[in-house]
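Please examine the model shown below before reading the report that accompanies it.

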Amino acid sequence: MPQPPASSHYGSSVQQNGSYTQGYLFCLLCSLYYLFKIVFPLKNMSSPRFPPPPAASSSFGQVPQSPYQNIAPQATPSTHQLTNQISNILGTFALNSLYCEWLVSTKLANNNLNKHEPLWNKDHLSKKDILIQNSPQNLQWNICLNLCFNLGGSAGPYGGQLAGPQPGFPGSFPGGAAQMAGPPQKKLDPDSIPSTTQVIEDDQAKRGGQIYATNLRGQIPPLVTSNFTVQDQGNASPRFMRCTTYTFPCTSDLAKQCQVPLGTVIKPFATIPKNETPLYVVNHGETGPIRCNRCKAYMCPFMQFIDGGRRFQCAFCSCINEVPVFYFQHLDHMGRRMDLYERPELSLGSYEFIATLDYCKNNKPPNPPAYIFMIDVSYTNIKSGLVKLLCEELKTLLEKLPREEGVESSAVRVGFVTYNKILHFYNVKSALAQPQMMVVSDVAEMFVPLQDGFLVNYQESRAVIHNLLDQIPDMFADTNESETVFAPIIQAGVEAFKAAECSGKLFIFHSSIPTAEAPGKLKNRDDRKLFNTEKEKTLFQPLKGVYEQLCKDCVAQGCCVDLFLFPSQYLDLATMGDVPTHTGGSVYKYSNFQAEVDGTHFLNDLRKDVEKPIGFDAIMRVRTSTGFRATDFFGAIHMNNTTDVEMAAVDCDNALTVEFKHDDTLNEETGAFIQCALLYTTVGGQRRLRVHNLSLNCSSQLSELYKSCETDTLINFFAKSAYRAMLNQPLKNIREILVNQTAHMLACYRKNCASPSAASQLILPDAMKVFPVYMNSLMKTPAMVGSPEISTDERVLQRLCVMAMGVEETQVLLYPCLIPLQNMDVSSSVLPGAVRCSEERLSDNGMFLLENGRLLFLWLGQACPSELIQSLFNVPSFAHLPEELNSLPELDNPQSKKVHAIISAISERRTNRMKLLIVKQKDRPEILFRQHLVEDKGLHGGASYMDFLCYVHREVRQLLT
Amino acid sequence: MATFQEFIQQNEDRDGVRFSWNVWPSSRLEATRMVVPVASLFTPLKERPDLPPIQYEPVLCSRATCRAVLNPLCQVDYRAKLWACNFCYQRNQFPPTYAGISEVNQPAELLPQFSTIEYVVQRGPQMPLNFLYVVDTCMEDEDLQALKESLQMSLSLLPPTALVGLITFGRMVQVHELGCEGISKSYVFRGTKDLNAKQLQEMLGLTKPAGQQAGRGPQTTQVPLSNRFLQPVHKIDMNLTDLLGELQRDPWPVPQGKRPLRSLGVALSIAVGLLECTFPNTGARIMTFIGGPATQGPGMVVGDELKTPIRSWHDIEKDNAKFVKKATKHYEALANRAAANGHIIDIYACALDQTGLLEMKCCTNHTGGYMVMADSFNTSLFKQTFQRVFTKDVQGAFKMAFAGTLEIKTSREIKISGAIGPCVSLNAKGPCVSENEIGTGGTCQWKICGLDPSTTLALYFEVVNQHNAPIPQGGRGAVQYVTQYQHSSGQRRIRVTTIARNWADAQSQIQSIAASFDQEASAILMARLAVYRAESEEGPDVLRWLDRQLIRLFMFHLRRSPFLQVFNNSPDESSYYRHQFMRQDLTQSLIMIQPILYAYSFNGPPEPVLLDSSSILPDRILLMDTFFQILIYHGETVSQWRKAGYQDMPEYENFRHLLQAPVDDAQEILHSRFPMPRYIDTEHGGSQARFLLSKVNPSQTHNNMYSWGQESGAPILTDDVSLQVFMDHLKKLAVSSAA
């Protein structure tokens, strides 16, 4: 049951509906008045207006099943020209032309545009009321806020001066934007629009620190940002599975109508906090886990035991199965088995089974996995100091290889390869006095030159390995080889695992685009001319052929690839990252790596990556109860057929997003069940099955659905689907679809769930009230915005990373955490409260920490108090700070300690180790920082939060009329 | 005037040359009627301790097509300082260094006793010697250990400046980088993929950086004196010893019922390629040690399934040996590449089963390499033989020589048809090349990559003088053999042998021609021809051809020898025997064809006896030398005495001496012969006695034993015809006109 908002932050604009109608109206009037006052001078300037909604907006009526595949192709050349022209005109307006372009192209697609008609209808409203609302029947709270929607600028539709060449998508820079904006177009209190930080704070206040017991069906978990403890009582922890909505619509019609995607984000190996119980391991001996005979679902709390416990009915396919004799147990008066609480598989949402030989490759128990370190020893990596740094680090790092719980030393074997355009394998057998190097220069057909002594137990071969690691930097110290190969080294890894009959992980430390003559040779195909064109997608597409086959080989062998890149220029990350992202691996990139500067960051990442819990050679199956099924999977996965998700490895940070579709009606009574079963090999070489179960509600009331939506999960879903669509579609289409779908979801809510209100009001469901800001941020991410400022590789990297992200990571990525430090309480141990990601929140005399899970900024205002500067940097004032600030010294004073404590607390939460960037106000690198102020207008294009709300509102209104 | 016997002996001792005819018929027609062609056995490096090498270079005929070397047969005009070439009659000026020449002050090359003379070329860099070991690691530990020891030992026999390299192979091929500190490096290659020299060069990183080469310019394209894979012995002695010591058996698992995967073809290819791109035309030995057949990749001779045995002669005849042709082609190509670069390939095959010598034979045969076949590396046969490869002469230089070429120059009346022996053609056309090819023909120059003092070539000539253009009485035909080679000291040397023989008109002087016939040389020359044909043609045809050609005693044994008979021999054995036959000198060749049998008894001193079953008597000890085997056979009675232990009794000391005598003689042979023969000590009824029984003339068999006196000799259980029957047949054939 929703409770009244705990905070009074929304002040006058938030009200309880129903009995307080009077107050509500009053409020509305007040704000209208307020608006008029501000808008008045603008009206005199005869600002241009929006045209009326297109007469026949047929495309909004029925939405295609899979919107990304059915987008109408581009317009004819003439209309193209027109589009450009229009956008040129629009570019002069303050309204971010992103949306104008969408608008226009939508119109063009509808073919309803009369070329002679003025584009902008002057008598259209220049202001709108936007209402954000949640309207369950009784306890409905409306968030009403009124926004001015002004096109600004003084130019009319025809008289507008063209603002230079606009590549279809004007990149606006802080200075330029201000100039073009003309007089300030809105003075609405930005606090009045829904605040993410507020929502996070509220949830933390309401549910943080509490125990979340998973005993109820369709229960909505706390936000990912909140601190809570999970108690598994029959449903999987939200750390493992999180749904877009916890109430599924009963019919596919309803689902289509509301456009809310039904999905779940599964992080099968999610790290469990120390205070929660780790997964129980169930061993049924030689018989293996009990399964439904028909659908093969595993025994779980949802199975119904009948017939005195002799049989059970499968919750997924309703098949009635015999209970095996050894598993028989009497039922109690409630019809539950007597041993319910003794058996994890009957009482818990998540647990593991020991798999029998039937679940192993070739019916042989698997060997423990192996880690192979493949070090590029070409000129770049030697010069940057990487090789030396890495070899030194490995000596200690290898002590911390992941091991099975309760086991003294790791069973993971290690191997070493160095390479440039040829490969060097090392024999580090413990019996040897010194390591042996075996050079393979035949890269055309890769093979592993040795069987015995390549993959060794670190503890046994420690002396030889240390000897080797000492020698590697010297051996190549005066290399001048700059060419490298890439595909052959992965091939070599696969072959090595094949020969050793094990799965494992390759750690590749690579420097440059592989240009040496070998399979998988790449060339520079980075063409900035393609930005914002139909062909932009080719930049994100991996090259087919060699790498495609490699993916298959890797997955078949359970060979996960982790790629650490140290490039100084373009290296076709789209192709190079293809194998890692299909094998459950990660890609790390350190541009222009310098050991002294970036060494710590890299080593932190490496340590975390090597040590993290991981499972190998995994295959996952998502089973659902009747009426719906998993139709689509997004993530760092490989799929050979439509149901089996194959992952060479899956670690604690890997998440995949599953989309569900109806194929029948769902029953409100029984609800919906999801079982995710993951078969994998542990780091100790044990084959196991991990099962996560989740039950959801079903409802024929859309309001129920909207009420139990999970914005963070939704945005994860949208991010992944959009990022995948980037491969096949122009970004313009994707953005269009995202906005359309947002509008649809809101329009549907308005139509079906909200109480009637003025058309000028934008109504947002409570559970989705910050959805637009995330959506807007998603569309402004570097990957989605083609700007010459951002390198293709950087965009590709983001795309690849997001594909494997869980809800927590996407949340913070799309809404970074901005923490003011100037007023921090040195004595308290809690983190200072975050503020909204907007420039307005920054102050000249402030100091802010911003993190998005990948980057960490420390922003220093120009008028930052000298005392603070002194205590943090040990220099007298802001002006004394050096040009290049690379690190934050650790000083012995409370402020410095506190800041370091905050930073480490933040880092602890994140999957990646973040590099600290110190940014001074008005300094060049500030641009990088400002990109992450997601409520503001994007530096490389993209609307501000406010503008986006206005635009969405207009779309909603079009849909409603 | 000495007898022809003496003349022949003298010629052989001085020049290493033996002609089938020592007086030549003066016309083509007559020559063809003689059946046995004018031909010579020539031993280029005939040991001549009395011949000091001359420290200057030979004087050549200035005619471009001739370039014959000044020799004692040339006419010299001492006053005009001119000499006339005895081959083309070109008149040549002596070079300025010969200004002091006069009748009393003649250079050595004009003295008749220097019909064979050796020059040392002073120009050019000192060439290093290369020894590249190619070692199979798919063998039993015991074998490998023995091999490793032999190899380590061999390092001490190499001159310190010689370059050595190591390639090991099993499933993969490893080229070891030598002289690395702290870590041992090797380049590994897949055993199934052949690489050409260029690819190999790139993969081993032996290409010179382009910039560097351009900067240095073409004038200083000096061969690098060593590279990472071939290093001087003195530098990497310890390193290589350790490396060899650490050598392990191929670690790849061999499943039940399979042969180990042995990438011999690729290993050899890489060895050839490595030398090809680093030391072309420099003396080099690729020493290949194999413990079994190649089972994968190019050059494989048998699959890895143990249930399919390696091909036999039967399979080959039935065209049922699917790998033979392809493998042969592979090795032939390698042999030709190695030969073109003057590199030798040796094969030391030690295994109980066949190892594919049939397919690989051209590697040794074309390059003058050694082929050694033994049962195991852990036998004295291998160990001694291998050690003997590094035999040194009195000056302490290796007896072996490298990268040789032989050029033949002839008088106008005679032309060279071809050569048979461990050589390849250099395709040098010239006026003295005959159109009729015998053996490797169509050229007057051959490459002999590996030479030793016993290496002997058979050279076949054709008399081209027409019947109607008679040669004046007393005219002599001359042949000059010019052998250039790399001495093991690194010097280039040229040995020139010039011989002349009288012409005779066959019609008027048939007697003198007949008298000049060298029976032994002819036999070997014909045998070589026969073996050469046997290699390339079907067996029975060759026998028939041979029967038509010649009727002599030797031919009976030759017919029965393993050189022509494949029955009872594996293809590998045949190849091995033929290989040895094609390179050994006359004496050894004779032994191979007709083994020598000595008898030891109380009746008198040891005596050679007929190679006949009648020689096998109970009270005799027989010593048989077949070149490949040294066999001591104790007659029935002798062996009974021995079993009774009479030799240990002081009163029967004479018996002990009798037993010891053949052993001592055998040891003497064993010590001098290369390759070391198999030593067999057997007795009457012993299983090993079969070696003897198969060689002797079966004058008594189970078919006729009762018609002969039962007392003499032992009957042989065979269906082979005896010499007697053979002769009877031949007599009949010889007189019938049908032949």
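## Overview of chain A

The structure discussed here is a predicted model. In chain A, the secondary structure amounts to 27 helices and 32 strands. Chain A has 961 residues, and 61% of them count as buried. Contacts between residues at least 6 apart in the sequence of chain A were also examined, and 74% of these join residues at least 24 apart.

## Helix H17 of chain A

Helix H17 of chain A covers residues 595-611. Its buried residues are A:Ala595, A:Asp598, A:Gly599, A:His601, A:Phe602, A:Leu603, A:Asp605, A:Leu606, A:Asp609 and A:Val610. These buried residues pack against several elements of chain A, among them helix H10 (386-397), strand E14 (370-376) and strand E32 (915-920). Strands E19 (504-510), E20 (559-565) and E21 (587-589) of chain A are also packed against the buried residues of H17(A).

Which residue forms a salt bridge with A:Asp598? The partner is A:Lys915, and the closest N and O atoms of the pair are 2.6 Å apart. Because A:Asp598 belongs to helix H17 of chain A and A:Lys915 to strand E32 of chain A, the pair ties together parts that are 317 residues apart in sequence. A:Asp598 has a relative accessible area of 7%, so this residue is buried. A:Lys915, in contrast, counts as partly exposed because its relative accessibility is 23%.

## Further salt bridges

Side chains of opposite charge can pair when their charged atoms come close. Over all chains, the structure holds 80 salt bridges. In chain A, one network of salt bridges links A:Lys505, A:Asp562, A:Asp609, A:Lys612, A:Asp651 and A:Asp653.

Another salt bridge joins the side chains of A:Arg930 and A:Glu926, with an N to O distance of 3.3 Å. Both residues lie in helix H26 (residues 926-930) of chain A, where four residues, or about one turn of the helix, separate A:Arg930 from A:Glu926. Both A:Arg930 and A:Glu926 are buried.

In chain B, the side chains of B:Glu276 and B:Arg337 meet in a salt bridge at 2.9 Å, N to O. B:Glu276 is in helix H7 (residues 264-278) of chain B and B:Arg337 is in helix H9 (residues 324-340) of chain B, so the pair ties together parts that are 61 residues apart in sequence. With a relative accessible area of 18%, B:Glu276 is buried.

## The contact between the chains

Chain A contributes 26 residues to the contact, and chain B contributes 19 residues. Together the two chains bury about 1900 Å² between them, and 54% of this area is on carbon and sulfur atoms.

How many salt bridges are counted between chain A and chain B? The count is three. In one salt bridge, A:Glu445 pairs with B:Lys193, and their closest N and O atoms are 3.6 Å apart. Across the interface, eleven residue pairs are found in polar contact. On the side of chain A that touches chain B, the elements giving two or more residues are strand E17 (436-440) and helix H11 (462-475) of chain A. The largest share of that side, five residues, comes from E17(A).

## Helix H19 of chain B

Helix H19 of chain B consists of 20 residues, 653-672. From its first C-alpha to its last, this helix reaches 29 Å, close to the 28 Å expected at 1.5 Å a residue. H19(B) bends by about 25 degrees at B:Gln660, and the proline B:Pro662 follows within four residues.

The buried residues of H19(B) are B:Phe655, B:Leu658, B:Leu659, B:Pro662, B:Val663, B:Ala666, B:Ile669 and B:Leu670. Their cover includes helices H11 (380-389) and H18 (636-644) of chain B, together with strands E24 (596-601), E26 (621-625), E27 (629-634) and E28 (678-683) of chain B.

B:Glu118 is located in strand E7 (residues 116-121) of chain B. Is this residue buried or exposed? B:Glu118 counts as buried because its relative accessibility is 4%. Its side chain makes a polar contact with the side chain of B:Arg495 at 2.7 Å. Leaving aside neighbours within four places in sequence, the residues in contact with B:Glu118 include B:Leu51, B:Ile54, B:Tyr485 and B:Arg493.

B:Leu590 lies in helix H17 (residues 586-593) of chain B. B:Leu590 is buried, with a relative accessible area of 13%. B:Leu590 and B:Ala521 are 69 residues apart in sequence, while their C-alpha atoms are 9.1 Å apart in space.

Methods:
Residues are numbered from 1 along each chain as its sequence is written. Chains are lettered from A and ligands numbered from 1 in the order in which they are written. This is a predicted model: local features need pLDDT of at least 70, side-chain atom pairs count only at pLDDT 80 or more; totals for chains, interfaces and linings use all residues. Side-chain values use heavy atoms; hydrogens and water are left out. The expected span of a helix is 1.5 Å times one less than its number of residues. The bend at a residue is the angle between axes fitted to the seven residues ending there and the seven starting there. Buried means under 20% relative accessible area, exposed over 50%, partly exposed in between (1.4 Å probe, protein chains only). Contact means heavy atoms within 4.5 Å. Buried area is the accessible area (1.4 Å probe) that two parts lose on being put together, summed over both. A salt bridge is a side-chain nitrogen of Lys or Arg within 4 Å of a carboxyl oxygen of Asp or Glu. A polar contact is a pair of N or O atoms within 3.5 Å; within protein, one must be able to donate a hydrogen and the other to accept it, and residues adjacent in sequence count only if both atoms are side-chain atoms.
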